[in-house]
Amino acid sequence: MMRASDEKKVILSIDDIPANLIAIKNILYPLFDVRLVKEGGQALALLKREKIDLVLLDIEMPGHNGFELLQVIRQEPALAHLPVIFVTTHASASFIRRAVKAGANGYILKPFKPSLLLQKVLEQLGMDIPTAYQDNTCAL
């Protein structure tokens with residue numbers, strides 16, 4: 001699962017609502033290789049066969065919910081290091097505490113501002129905001 005250094009980082013977005021997946025891809029696509037899946041089983045299969053750099057994860061999904069999927073990721077030695085950011089409509093403090101306790105690296109509420117999503121992804125990957133975005137030549 002090696003990748004050339006000039007290749008884009010790979011983001012996996014998991015959400016059962018196609019419109020959410022498309023919105024995330026449209027925001028991140030210029031900078032990242034974005035993979036989209038609609039449920040946990042597909043996500044686990046992809047995680048095991050491809051090099052993924054960061055996971056964006058919804059909480060409410062059929063099959064594995066986001067917390068269950070995060071637990072599997074954190075227990076798998078080859079995946080445990082992956083940064084995982086929940087992207088969800090659950091705004092309660094109890095969900096946020098549960099996410100932190102489960103090992104999430106971040107928590108973004110839907111609907112989200114594109115600039116916030118990009119900022120959180122870049123932070124987790126230890127990357128700077130590209131110049132085109134800093135000087136507003138690319139709109140977010």
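Author: Gladly. Let's start with burial: a residue is buried under 20% relative accessible area, exposed over 50% and partly exposed in between, using a 1.4 Å probe and protein chains only. This is a predicted model, in which local features need pLDDT of at least 70 and side-chain atom pairs count only at pLDDT 80 or more, while totals for chains, interfaces and linings use all residues. Residues are numbered from 1 along each chain as its sequence is written, and side-chain values use heavy atoms, with hydrogens and water left out.

Reader: Why is Ser13 called buried?

Author: Its relative accessible area is 1%, so Ser13 falls under the limit and counts as buried. Ser13 lies in strand β1; strands (E, at least two residues) and helices (H or I, at least four) are DSSP runs numbered from the N terminus. Leaving aside neighbours within four places in sequence, Ser13 is in contact (heavy atoms within 4.5 Å) with Leu21, Ile24, Arg35, Leu36, Val37 and Leu56.

Reader: What makes strand β1 count as mostly covered?

Author: In β1 (residues 10–14), 5 of its 5 residues are buried. In a regular strand the side chains alternate between the two faces of the sheet. Here Val10, Leu12 and Ile14 are buried on one side, and Ile11 and Ser13 are buried on the other. Across the whole protein of 140 residues, 39% count as buried.

Reader: How do you know that β1 and β2 pair?

Author: Two strands pair if DSSP finds at least two bridges between them. β1 and β2 (residues 33–37) have 5 bridges in the parallel sense. Leu12 stands opposite Arg35 in β2. Between the two strands the chain passes through helix α1 (residues 18–28), and this β-α-β crossover is right-handed. That word applies if, with the strands pointing away from the viewer, the path from the first strand over the helix to the second runs clockwise.

Reader: Which strands does β3 join by bridges?

Author: β3 (residues 54–57) runs parallel to β1, joined by 4 bridges. Ile11 has Leu54 in β3 as its bridge partner, and Ser13 has Leu56. β3 is also joined to β4 (residues 84–88) by 3 bridges, again in parallel, with Leu57 partnered by Phe86. β3, helix α3 (residues 66–75) and β4 make a right-handed β-α-β unit. In β3, Leu54 and Leu56 point one way and Val55 and Leu57 the other, and all are buried.

Reader: What kind of aromatic pair do Phe67 and Phe86 form, and why is it given that name?

Author: Rings of Phe, Tyr and Trp (its six-membered ring) pair if their centres lie within 6.5 Å; planes under 30 degrees apart count as stacked, over 60 as edge-to-face and the rest as tilted. By this rule there are 3 aromatic pairs. For Phe67 and Phe86 the centres are 5.1 Å apart and the planes at 55°, so the pair is tilted. Phe67 sits in helix α3 and Phe86 in strand β4, 19 residues apart.

Reader: And what makes the pair of Phe86 and Tyr107 edge-to-face?

Author: The angle between their planes is 65°, with 6.3 Å from centre to centre. Ring pairs link Phe67, Phe86, Phe95 and Tyr107 into a cluster.

Reader: How do you know that Lys8 sits over the ring of Tyr29?

Author: The rule asks for NZ of Lys or CZ of Arg within 6 Å of the ring centre and within 35 degrees of the ring normal. The charged end of Lys8 is 5.2 Å from the centre of Tyr29's ring. Arg98 likewise lies over the face of Phe67, at 3.9 Å from the ring centre.

Reader: How confident is the prediction over the protein?

Author: pLDDT is the predictor's confidence in each residue, from 0 to 100. The mean is 89, and 87% of residues reach 70 or more. Residues 1–5, however, are below 50, with 9 contacts in the model beyond near neighbours in sequence. Residues 134–140 also stay under 50. Where pLDDT is low, the predicted coordinates should not be read in detail.
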